[in-house]
Amino acid sequence: MVLQLYNTLTRRKERFEPIDPTNVRMYACGPTVYDFIHIGNGRMLVVFDLLFRVLRHTFGPEHVTYARNITDVDDKINARAAEEGVAIADVTERTTRQFHADAAGLLCLPPTVEPRATGHIDEMTAICELLVEKGHAYVAAGHVLFDVPSMPDYGRLSNRSVEEMEAGARVDVAPYKRSPMDFVLWKPSKPGEPSWASPCGIAEPGRPGWHIECSAMAGKHLGQVFDIHGGGIDLVFPHHENEIAQSRCAHGTAVMANVWMHNGFLEAEAGEKMSKSLGNFITVRELLDQAPGEAGRLALLSSHYRQPLPWTERLVFDSRRTLDLWYELAADADDDGEIAPEVLDALLDDLNTPRAIAAMHVLRAEAAKGSSDAKASLKASARLMGFLQSSLETWRAWRPAGVTIDETRVDALITARLEARKRKDFAESDRIRDELAAMGVQLKDGKNKETGEFETTWETKR
RNA sequence: GGCCACGUGGCGGAGUGGUUACGCAGCGGAUUGCAAAUCCGUGGACAUCGGUUCGAACCCGGUCGUGGCCUCCA
């Protein structure tokens, strides 16, 4: 089985052929750092992290370069800083720290490189110069604007023609634009806004437009043409379309990236897109407060990445239960198990995570019946996908944010209950169980697998 | 208005021209002092109408419905 990926550019699933198998290069559009990310951003992180892991497995960990940028210059950041009365850098640094914690919380590996927009201003102005030089951009009223009609196949990624877009255009047409679809590469800064020396002979200082930072960073870290570019489906137009326009016209290449991948949306209740502007979102931080990160990760991978994913508390709950079973079983599994072919095949088939997870359920059942091969395979397969990343003890010790339980007291009560049970004093035994329940502790009676002895474990109520 | 997805059992969710997806819930059983947890087993589906085909949930067309993009957005 070879890796196949769905390519937005061709609207087909295609066999993945890297430009250079010793250096497979992928780029994903990371966050604009002005606030906590929400779980839709989390889905993108997890999906491309999984792809990163699959590529590393296929081509070797040292043969994959994953660039995921941080956009730290943007109007929303400026607005947030003004609102809080703090320096812009305070907002971007704090939010970047939060973002790193959230990404790690969802078990995402750090990308190979994590470029920041503000560190690539020179590359951005260079692209502006190049585009003006080549007749694909022009200067007007202190702006550098991309000249959309100068690019014959503009709109190929989103499958729309300039005429169509103009027909339904809701964009404000600034008077200095030659064509309504032209977009900003560089714009003047107002006093108090971050600013840099402008390119193309513009005297006033300015700042970059929205799309140019990705062209600059991808070009610098991955080259003029690279393998995979990803992001949320809402980025297809205009963001990725414009990135493509800038990069291809500046570099004179036929493509910017060979494969374009886009993940679908999370849906809030009523099948509505979850988004910041609608306000119907929950943050990754809130998710990580109420469930272990791996449960959130499993929930985010529970439908195929291109499909919409209805988000419910139930989904997170079920995901956590599933992981409970995997953790319990894998605890004493061999570390050198084989990744199950069914799991790997599913992942290689355009990251078919629901199929991979179904295969894991089958392995789990076999492992539960006593197959040590299945058990080791379950562990290896789960690890490939970014699960079972901690010990059983750590997994069990997870607590929701704000919940503190006096474990010494819990242990004492459990011991007292076991003694009461031995005396067949079930009234007392049940009373203690109720007392623990009131503390938010759920008891689980069972038999020790090895000794066969009766034993009681516990967890926080869910 | 233009472009693009999607419509599978109570819920979630893969798949696909002819054979079990899978999970949760339900039901039955095992276990348990009783629960919970766990384990085993099990019923139940392919929006609608036509067409192609020996055979379609899967291909084609119409209809109905839902959602997304076209503006900041993962």
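How does Asp-445 count at its relative accessibility: buried, partly exposed or exposed? In this predicted model, Asp-445 has a relative accessibility of 37%, and Asp-445 therefore counts as partly exposed.

The side chain of Asp-445 meets that of Arg-417 in a salt bridge, with 2.8 Å from N to O. Because Arg-417 lies in helix 15 (residues 407-422) and Asp-445 in strand 14 (residues 441-447), this pair ties together parts that are 28 residues apart in sequence. Arg-417, for its part, has a relative accessibility of 2% and counts as buried, since the cut-off for that word is under 20% relative accessible area.

## How helix 15 meets helix 16

Helix 15, which holds Arg-417, packs against helix 16 (residues 426-438) at an angle of about 160°, and the axes of these two helices are 8 Å apart. Angles over 145 degrees count as roughly antiparallel, and helix 15 and helix 16 are therefore described as roughly antiparallel to each other. The crossing of helix 15 and helix 16 is left-handed.

Another salt bridge joins the side chains of Asp-425 and Arg-423, with 3.6 Å from N to O. Asp-425 is partly exposed at 27% relative accessibility, whereas Arg-423 is exposed at 53%.

## Other salt bridges

How many salt bridges does the count come to? The count comes to 34 salt bridges, and one of them is formed by Glu-84 with Arg-94, whose closest N and O atoms are 3.0 Å apart. Glu-84 lies in helix 2 (residues 75-84) and Arg-94 in helix 3 (residues 88-105), so the pair ties together parts that are 10 residues apart in sequence. Both partners are partly exposed, Glu-84 with a relative accessible area of 35% and Arg-94 with one of 27%.

Salt bridges can also join into a network, and here Asp-75, Lys-187, Lys-190, Glu-193 and Arg-207 are linked in this way.

## The loop around Ser-189

Where does Ser-189 lie? Ser-189 is found in the loop between strand 7 (183-188) and strand 8 (206-208), and Ser-189 is buried, with a relative accessible area of 17%. A polar atom of the Ser-189 side chain lies 2.8 Å from the backbone oxygen of Pro-194.

When residues up to four places away in sequence are not counted, Ser-189 touches Pro-194, Ser-195, Pro-205, Gly-206 and Arg-207. Arg-207, then, is touched by Ser-189 and is also a member of the salt-bridge network with Asp-75, Lys-187, Lys-190 and Glu-193.

## A mostly covered helix

Helix 6 (residues 212-222) is mostly covered, as eight of its 11 residues are buried. The buried residues are Ile-212, Glu-213, Cys-214, Ser-215, Ala-216, Met-217, Ala-218 and Leu-222. After helix 6 comes Gly-223, which has a positive phi, near 100°.

Conventions:
Residues numbered from 1 in each chain as written. Chains lettered and ligands numbered in written order. Predicted model: local features only at pLDDT ≥ 70, side-chain atom pairs only at ≥ 80, totals over all residues. Heavy atoms only, no water. Salt bridge = Lys/Arg side-chain N within 4 Å of Asp/Glu carboxyl O. Helix = DSSP H or I, 4+ residues; strand = E, 2+ residues; numbered from the N terminus. Buried < 20%, exposed > 50% of the residue type's maximum accessible area, 1.4 Å probe, protein only. Polar contact = N/O pair within 3.5 Å; in protein donor to acceptor, adjacent residues only side chain to side chain. Contact = heavy atoms within 4.5 Å. Axes fitted to C-alpha atoms, helices over the stretch in contact; angles between N-to-C directions. Parallel < 35°, antiparallel > 145°, perpendicular 65-115°, else oblique. Left-handed = near helix turned anticlockwise from the far one by under 90°.
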